[in-house]
Amino acid sequence: MYELYYWPTIQGRGEFVRLLLEDVGADYVDVIRNPESDGGGRDALLALVAETGHFAPPILKDGETIVSQTPLIMDYLGSRHGLTPSDDAGRREALRLSMLLADFLVEAHDVHHPLAKEFYYEDQRDEALRRAPSFRDMRIPKFYGYLERAIAANGGHLVAGGLSHADFSLFQIVEGMRFAFPRASARLEPDYPGLVALHA
């Protein structure tokens with residue numbers, strides 16, 4: 001049984017992993033969402049970080065194997081559940097695209113927390129309002145355009161050969177963009193039909 005360690009109240013980077021685990025019907029426990037009396041809770045996460053030296057969640061435990069960083073976890077799970085290409089070049093390509101999507105996630109997050117993630121949005125709202133137009137008008141189209149070209153080149157998926165873990169990451173990115181930037185998403189998505197179709 002897999003053990004997933006991630007914060008309980010936010011989707012964030014852990015949701016990418018949850019999506020894949022749920023889709024493949026994997027037997028897993030979302031450890032921190034379990035009661036402390038059953039070995040769960042925040043203390044279980046902090047203990048695992050202290051014990052293993054991994055920097056931050058999400059962290060996946062599979063028996064004695066421990067993997068952190070969302071793209072690496074996706075690659076690890078994908079290789080066990082038929083969602084990572086079996087050839088080296090395809091595997092590198094799926095991992096590269098997962099890492100690109102992780103970069104995009106950071107950029108989207110930082111629009112709302114441009115000074116520091118430790119500050120509440122309300123404490124940096126003016127700076128967020130200054131940063132948002134650049135992200136909406138330049139960065140989203142740059143990322144979406146690149147992803148659209150990859151999807152077109154690979155028969156409707158990000159990587160040649162069909163569904164991969166990178167496609168799950170794309171799904172979550174689109175979901176997050178629709179939540180955090182609903183008007184920009186509604187305006188831009190018609191220009192990227194391949195991306196919208198893959199998400200659907």
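Helix 5 (residues 125-153) packs on helix 6 (residues 165-180) at an angle of about 150 degrees, and their axes are 13 Å apart. Helix 5 is therefore roughly antiparallel to helix 6, since angles over 145 degrees count as such. The model is predicted.

Helix contact
- The crossing of helix 5 and helix 6 is left-handed.
- Helix 5 contributes Phe-135, Ile-140, Tyr-144, Leu-147 and Ile-151 to the contact.
- From helix 6, the contact residues are Leu-170, Val-174 and Met-177.
- By class, the residues of this contact are 8 nonpolar, no polar and no charged.

Aromatic pairs
- The count of aromatic pairs is 5.
- One of them joins Tyr-144 and Tyr-192, with ring centres 5.6 Å apart and planes at 80 degrees. This pair is edge-to-face because the angle between the planes is over 60 degrees.
- Tyr-144 belongs to helix 5, whereas Tyr-192 sits in the loop between helix 7 (182-188) and helix 8 (193-199). The pair therefore ties together parts that are 48 residues apart in sequence.
- Ring pairs link Phe-104, Phe-135, Phe-143, Tyr-144, Phe-181 and Tyr-192 into a cluster.

Burial of the tyrosine pair
- Tyr-144 has 1% relative accessibility and counts as buried, the cut-off being under 20%.
- Tyr-192, at 11% relative accessibility, also counts as buried.

Key: Residues are numbered from 1 along each chain as its sequence is written. This is a predicted model: local features need pLDDT of at least 70, side-chain atom pairs count only at pLDDT 80 or more; totals for chains, interfaces and linings use all residues. Side-chain values use heavy atoms; hydrogens and water are left out. Axes are lines fitted to C-alpha atoms, for helices over the stretch in contact, and angles run from 0 to 180 degrees between N-to-C directions. Helices (H or I, at least four residues) and strands (E, at least two) are DSSP runs, numbered from the N terminus. Angles under 35 degrees count as roughly parallel, over 145 as roughly antiparallel, 65 to 115 as roughly perpendicular and the rest as oblique. A crossing is left-handed if the near helix is turned anticlockwise from the far one by less than a right angle, and right-handed if clockwise. Contact means heavy atoms within 4.5 Å. Ala, Val, Leu, Ile, Met, Phe, Trp, Tyr, Cys and Pro count as nonpolar, Asp, Glu, Lys and Arg as charged, and the others, Gly among them, as polar. Rings of Phe, Tyr and Trp (its six-membered ring) pair if their centres lie within 6.5 Å; planes under 30 degrees apart count as stacked, over 60 as edge-to-face and the rest as tilted. Buried means under 20% relative accessible area, exposed over 50%, partly exposed in between (1.4 Å probe, protein chains only).
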